[in-house]
Amino acid sequence: MAKPLTTTPELSANYAYFFDLDGTLAQIKPHPDLVEIPAQVLERLHRLAERNAGALALISGRSMVELDALATPWRFPLAGVHGAERRDINGKTHIVHLPQAIERDISLQLHTALANLPGAELEIKGMAFALHYRQAPEHEQALLTLARRIAQNWPQLALQQGKCVVELKPKGANKGEAIAAFMQEAPFAGRIPVFLGDDLTDESGFAVVNRMGGISVKVGEGETQATWRLASVPDVWRWLESIHSAQEQEKNIQDRRDGYESFSRSI
């Protein structure tokens with residue numbers, strides 16, 4: 001059972017931070033285009049990355065283009081579309097592609113099906129497809145059945161359920177694999193992974209972090225493999241603020257100590 005997270009990580013330890021976006025760093029909105037990360041939260045992420053040699057990445061079902069837009073003005077390592085696309089600390093991208101013919105056929109089939117499901121929305125991510133039903137929850141079962149049928153017809157794809165969304169993505173692409181890949185690279189390698197997420201799509205990430213002896217944090221309610229829990233997005237923001245405050249306090253103490261030692265040497 002996940003325990004409430006009430007303390008910040010030990011400042012002396014070397015951590016690698018991974019954050020989901022929707023429902024973790026940003027409040028979930030009726031439509032994905034309405035989502036934003038508050039400027040102060042972005043600033044705290046930037047400072048946290050600086051204090052950890054850049055070992056901080058966003059891990060999301062969104063595309064990397066969307067993640068960059070939401071993280072402006074900062075540019076972090078990213079894993080988008082549940083790990084089907086990834087950008088490392090040096091800007092090198094790793095992208096899983098589907099054959100164009102498969103993308104075209106699936107897109108046509110989904111467009112045709114959703115024409116009969118008013119309120120449901122299709123989001124095409126290139127190598128993945130998201131079927132949103134936040135505005136039409138009555139279509140959940142129909143969309144799930146549709147996605148299962150397509151996944152059976154195209155074994156290159158895997159089905160992924162989330163909050164008011166059913167996704168079809170390249171098989172083998174998930175947030176856990178993305179975190180594992182980052183953890184093999186600088187500046188993440190050799191550090192203790194910390195991952196915060198809120199959805200079913202984040203469970204693979206929790207599993208990987210747990211195996212590595214890291215800190216897995218579920219945001220919100222629901223069963224989870226995570227070992228810790230924060231109740232809501234504002235609690236994530238407060239947790240980030242508490243890390244920042246603890247780091248500033250440590251820095252001030254160190255500055256005073258250095259100043260005292262310098263004064264003593266001058267005497």
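Biologist: Which residues have the most contacts inside the largest nonpolar core?

Modeller: Please note that this is a predicted model. In general, nonpolar side chains of soluble globular proteins tend to be buried together. Here the largest nonpolar core has 32 residues. Those with the most contacts inside this core are Tyr-17, Phe-19, Leu-25, Trp-239 and Leu-240.

Biologist: Which element gives the largest share of this core?

Modeller: Two or more residues each come from β2 (15-19), α1 (39-51), β3 (56-59), α2 (64-71), β11, β12 (215-219) and α7 (233-266). The largest share is five residues, and the element that gives them is α1.

Biologist: With which residues is Leu-25 in contact, leaving aside its neighbours within four places in sequence?

Modeller: Leu-25 is one of the residues with the most contacts inside the largest core. Beyond its sequence neighbours, Leu-25 is in contact with Phe-19, Asp-20, Ile-37, Pro-38, Val-41, Leu-45, Leu-58, Val-233, Val-236, Trp-237 and Leu-240.

Biologist: Which strands stand at the edges of the open sheet?

Modeller: Nine strands form the sheet, with mixed pairing, in the order β1-β13-β12-β11-β2-β3-β4-β5-β6. Within it, β2 and β11 pair in the parallel sense over five bridges, and Tyr-15 stands opposite Ile-192 in β11. A strand with a single partner has one side left without a neighbour in the sheet, so the edge strands are β1 (3-4) and β6 (93-95).

Biologist: Is Thr-201 buried or exposed, and with which side chain does its own side chain make a polar contact?

Modeller: Thr-201 is found in the loop between β11 (192-197) and α6 (203-211). Because its relative accessible area is 8%, under the 20% limit, Thr-201 counts as buried. Leaving aside neighbours within four places in sequence, Thr-201 is in contact with His-82, Gln-160, Gln-161, Gly-162 and Lys-175. The polar contact of its side chain, at 3.2 Å, is with the side chain of Lys-175.

Biologist: Against which elements do the buried residues of α6 pack?

Modeller: The buried residues of α6 are Glu-203, Gly-205, Phe-206, Ala-207, Val-208 and Val-209. After this helix comes Gly-213, whose phi is positive, near 75°. The elements against which the buried residues of α6 pack are α5 (175-182), β11 and β12.

Biologist: What arc do the buried residues of α3 cover around the axis?

Modeller: In α3, the buried residues are Ile-102, Ile-106, Ser-107, Leu-110 and Leu-114. They lie on the same side of α3, because they cover an arc of only 125°. Gln-100, Arg-104 and Leu-108, on the other side of α3, are exposed. What covers the buried residues includes β7 (121-124), β8 (129-132), α4 (140-153) and β9, and the arc asked for is 125°.

Definitions and conventions: Residues are numbered from 1 along each chain as its sequence is written. This is a predicted model: local features need pLDDT of at least 70, side-chain atom pairs count only at pLDDT 80 or more; totals for chains, interfaces and linings use all residues. Side-chain values use heavy atoms; hydrogens and water are left out. Helices (H or I, at least four residues) and strands (E, at least two) are DSSP runs, numbered from the N terminus. Buried means under 20% relative accessible area, exposed over 50%, partly exposed in between (1.4 Å probe, protein chains only). A polar contact is a pair of N or O atoms within 3.5 Å; within protein, one must be able to donate a hydrogen and the other to accept it, and residues adjacent in sequence count only if both atoms are side-chain atoms. Contact means heavy atoms within 4.5 Å. A nonpolar core is a set of buried Ala, Val, Leu, Ile, Met, Phe, Trp, Tyr and Cys residues joined through side-chain atoms within 4.5 Å. The arc is that of the directions from the helix axis to the C-beta atoms. Two strands pair if DSSP finds at least two bridges between them.
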